[in-house]
Amino acid sequence: MATVYLGLGSNLGNKEENLHHAIRKIEDRVGKVVSRSAFYPTEPWGFESQNTFVNAAIGVDTVWSPEELLKRLRDIETEMGRLSRSSGENYADRIIDLDILLYGDRVCERPGLSIPHPLMTERKFVLEPLAEIASAWRHPVTGKTIKELLDMLMD
C-alpha cells in the first residue's frame with residue numbers, strides 16, 4: 001500500500017461537480033481517499049483561455065503500481081469526456097485533468113510517466129492545495145517540504 005497525492009483540475013462545464021465526480025471514480029477504482037483539499041479557483045497556466053480552473057489535491061491509499069495508477073486515471077479522464085492529453089507546451093481547456101504528483105517517496109522516470117510531477121514545484125495551483133493536506137511531506141528530489149516549496153514560489 002502506498003499513499004499517493006493527485007492533482008485535479010477542471011475548466012469546462014460544472015467544474016466543481018467534475019472534481020467531485022472524479023474523486024468518486026478515484027475512490028471506486030484507485031483506492032481510499034484519505035485527504036482532500038478545498039477547491040481553489042485559479043487562472044489558466046501555460047495557455048490563454050477565457051475559462052478559469054478549479055483545482056484541488058487529494059491523498060489516496062492505493063495498492064496499484066505507478067503504471068497501473070496512471071492507466072486508471074487516464075481511463076477516468078476519458079470516461080469523463082477528456083478528448084486528448086496536453087503535449088509539451090500545448091495546453092488546452094479540459095473537463096478533467098488528473099495528475100500523479102507524488103507516489104510515496106518514489107522517483108520514477110519512464111516515457112509518459114514522471115514522478116514526482118516534473119512541474120509541480122513551479123505551479124502555485126498545485127502546491128497550494130497540496131500544502132493544505134500534506135504540508136510536511138518532503139519532495140523526494142529536492143528534500144524540501146511542500147510548505148517550503150510553496151513559500152519559495154510565493155517569494
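I take contact to mean heavy atoms within 4.5 Å. The model I am examining is predicted.

**Entry 1: helix α3**

I looked up helix α3, residues 124–134, and listed its buried residues: Val126, Leu127, Pro129, Leu130, Ala131, Ile133 and Ala134. I then asked which elements these buried residues of α3 pack against. They pack against β1, β2 (31–36), β3 (40–42), β4, β5 and α4 (146–154).

**Entry 2: nonpolar cores**

I turned to the largest nonpolar core, which has 27 residues; Leu6, Leu8 and Ile26 touch the most other members. The elements giving two or more residues to this core are β1 (2–10), α1 (15–29), β4 (53–62), α2 (66–79), β5 (97–103) and β7 (113–115). I followed Leu6 and left out residues up to four places away in sequence; its contacts are Ile26, Ala56, Ala57, Ile58, Val60, Leu69, Leu73, Asp99, Ile100 and Leu101. I also noted a second, separate core of 14 residues, with Ala57, Leu127, Ile133 and Leu149 among them.

**Entry 3: a cis peptide bond**

I checked the bond between Ile115 and Pro116 and found a cis peptide bond, with omega about 0°. Pro116 is located in the loop between β7 and α3.

**Entry 4: salt bridges**

I searched the whole structure and found 10 salt bridges.

In the pair of Arg24 and Glu17, the side chains meet at 2.9 Å, N to O. I recorded Arg24 as partly exposed because its relative accessibility is 43%. Glu17 is likewise partly exposed, with a relative accessible area of 35%.

Lys25 forms a salt bridge with Glu79, and the closest N and O atoms are 3.2 Å apart. This pair links distant parts of the chain, for Lys25 lies in helix α1 and Glu79 in helix α2, 54 residues apart.

The side chains of Asp151 and Lys147 meet in a salt bridge of 2.8 Å, N to O. I placed both residues in helix α4, four residues apart, about one turn of the helix. Asp151 is partly exposed, with a relative accessible area of 35%, and Lys147 is partly exposed at 44% relative accessibility. Finally, I traced salt bridges that share partners and found that they join Lys25, Arg29 and Glu79 into one network.

Terms used
Residues numbered from 1 in each chain as written. Predicted model: local features only at pLDDT ≥ 70, side-chain atom pairs only at ≥ 80, totals over all residues. Heavy atoms only, no water. Core = buried A, V, L, I, M, F, W, Y, C linked by side-chain atoms within 4.5 Å. Buried < 20%, exposed > 50% of the residue type's maximum accessible area, 1.4 Å probe, protein only. Salt bridge = Lys/Arg side-chain N within 4 Å of Asp/Glu carboxyl O.
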